[in-house]
Amino acid sequence: MAKIRYFSKSTDDKLIADEKKINNADFINIGNPISVYRDGVEQTLSSMYLKITTLVDFLTISLKSLQSNKRFTIAYYGCGNGSNARQILRLVNSINNKISLRVVYIDVSSELLYEADRRSNFMKLNSNIDFDWELVQIDLSDASSISKFTDNNVGNFNFSFSVKCFHNTFIKINRDIARMISLCSSKDSVFLNQFYGHNLYSSFKQLIKLIIGKRYSNSIYLDRVLANLYPKYNGFDLQYRVTSMSMSEVFKSNHFKRLSIESYYLKK
Ligand SMILES: C[S@@+](CC[C@H](N)C(=O)[O-])C[C@H]1O[C@@H](n2cnc3c(N)ncnc32)[C@H](O)[C@@H]1O
């Protein structure tokens, strides 16, 4: 079993596998009970909430940031069981199977990191892809942990991404987060941020929480505007942004498909 590098151990100690506690903790919001992420099936390309042809284009661009003798490093912020990173690993390998790869799994929950570790071991045994991985525990709402993590990873990542973490938990793209992602990215690398949006009623509820000083999980319009500005002032160029709406899902519970937002940034 790989070792976890801890940046916010005291928070992790509070995240025990008791599903009620993990979701009721007033400072962390992981979305669903932890079992949903721990036990969820491994993604396939078609089940990922990402446009695959666009993703392949940006992975190809990010390959230019790879320096000789280094591993192409993919950082996954808020990784859960890490499934999306392993699909991206496969895609990079299908573009260029000569390079060595690394995944950095980043999450607040060591239980989910151990699950990512278990599944990575399984993939390693059952594929010919040359890759290794690191497990990083961090509370991304804690500025001092972010700063320590950044100091440890300056310029290390060739492709960093987040799916359903920034803007769908209490963590929004703010100045500290944008700075961390940028400083940890190597020149010409790519950052992808995917999250889902909400209907007017839900946005109104989040706004009320903001006004009364409570943390809120899903983004409001202002968060999305800031999510473009902070990366811009921290060395990123927004290259591509797409909002997908599925009218057929409007009355169904699948909010991921109802309104999904994908943004790609290039590190200058
Ligand atoms: C909605 S889940 C998405 C998981 C995964 N990205 C996926 O698509 O299946 C949000 C993830 O963000 C992590 N998370 C929530 N708050 C966090 C925090 N303060 N710091 C780091 N990770 C956090 C949760 O543990 C969880 O794995």
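Leave aside everything up to four places away in sequence, and Ile 106 still touches Ala 75, Tyr 76, Tyr 77, Cys 79, Val 136 and Ile 138. Keep in mind that you're looking at a predicted model. In soluble globular proteins, nonpolar side chains tend to be buried together.

Now zoom out to the whole protein. It has 11 helices and 8 strands, and its C-alpha atoms fill a box of roughly 50 × 40 × 35 Å along the principal axes. For 268 residues, a compact globule would have a radius of gyration near 18 Å, and the protein agrees, because its own value is 18 Å. Buried residues make up 41% of the 268.

Ser 100 gives you a single spot to look at. You'll find it in the loop between α5 (83–95) and β3 (101–107). Its C-alpha atom is separated by 7.7 Å from that of Lys 70, although the two are 30 residues apart along the chain. Setting aside neighbours within four places in sequence, Ser 100 is in contact with Arg 71 and Asp 130. Is Ser 100 buried or partly exposed? It counts as partly exposed, because it has 14 C-beta neighbours inside 10 Å, and being buried would take 20 or more.

Next, find the ligand. It is surrounded by 22 residues, and the closest are Gly 31, Gly 78, Gly 80, Val 108 and Leu 140. What sort of residues make up this shell? By class, 11 are nonpolar, 8 are polar and 3 are charged.

Strand β5 (residues 157–163) runs parallel to β6, and 6 bridges join the two; here Phe 161 stands opposite Leu 192. β6 also pairs with β8, this time in the antiparallel sense, over 7 bridges. Gln 194 has Glu 262 in β8 as its bridge partner.

Strand β7 (residues 236–245) pairs with β8 in the antiparallel sense over 9 bridges, and Met 245 stands opposite Leu 259. In a regular strand the side chains alternate between the two faces of the sheet.

Most residues other than glycine have a negative phi. Lys 164, though, has a positive phi of about 55° without being a glycine. It is found in the loop between β5 and α8 (175–184), and it's partly exposed because 18 other C-beta atoms lie within 10 Å. Asp 188 also has a positive phi, near 70°, and isn't a glycine either. Its place is in strand β6. With 15 C-beta neighbours inside 10 Å, Asp 188 counts as partly exposed.

Notes
Residues are numbered from 1 along each chain as its sequence is written. This is a predicted model: local features need pLDDT of at least 70, side-chain atom pairs count only at pLDDT 80 or more; totals for chains, interfaces and linings use all residues. Two residues are in contact if their C-beta atoms, placed from the backbone, lie within 7 Å. A residue is near a molecule or strand if its C-beta atom, placed from the backbone, lies within 6 Å of it. Ala, Val, Leu, Ile, Met, Phe, Trp, Tyr, Cys and Pro count as nonpolar, Asp, Glu, Lys and Arg as charged, and the others, Gly among them, as polar. Helices (H or I, at least four residues) and strands (E, at least two) are DSSP runs, numbered from the N terminus. The radius of gyration is taken over C-alpha atoms; the globule rule is 2.2 Å times the number of residues to the power 0.38. A residue is buried if 20 or more other C-beta atoms lie within 10 Å of its own, exposed if 12 or fewer, and partly exposed in between; C-beta atoms are placed from the backbone. Two strands pair if DSSP finds at least two bridges between them.
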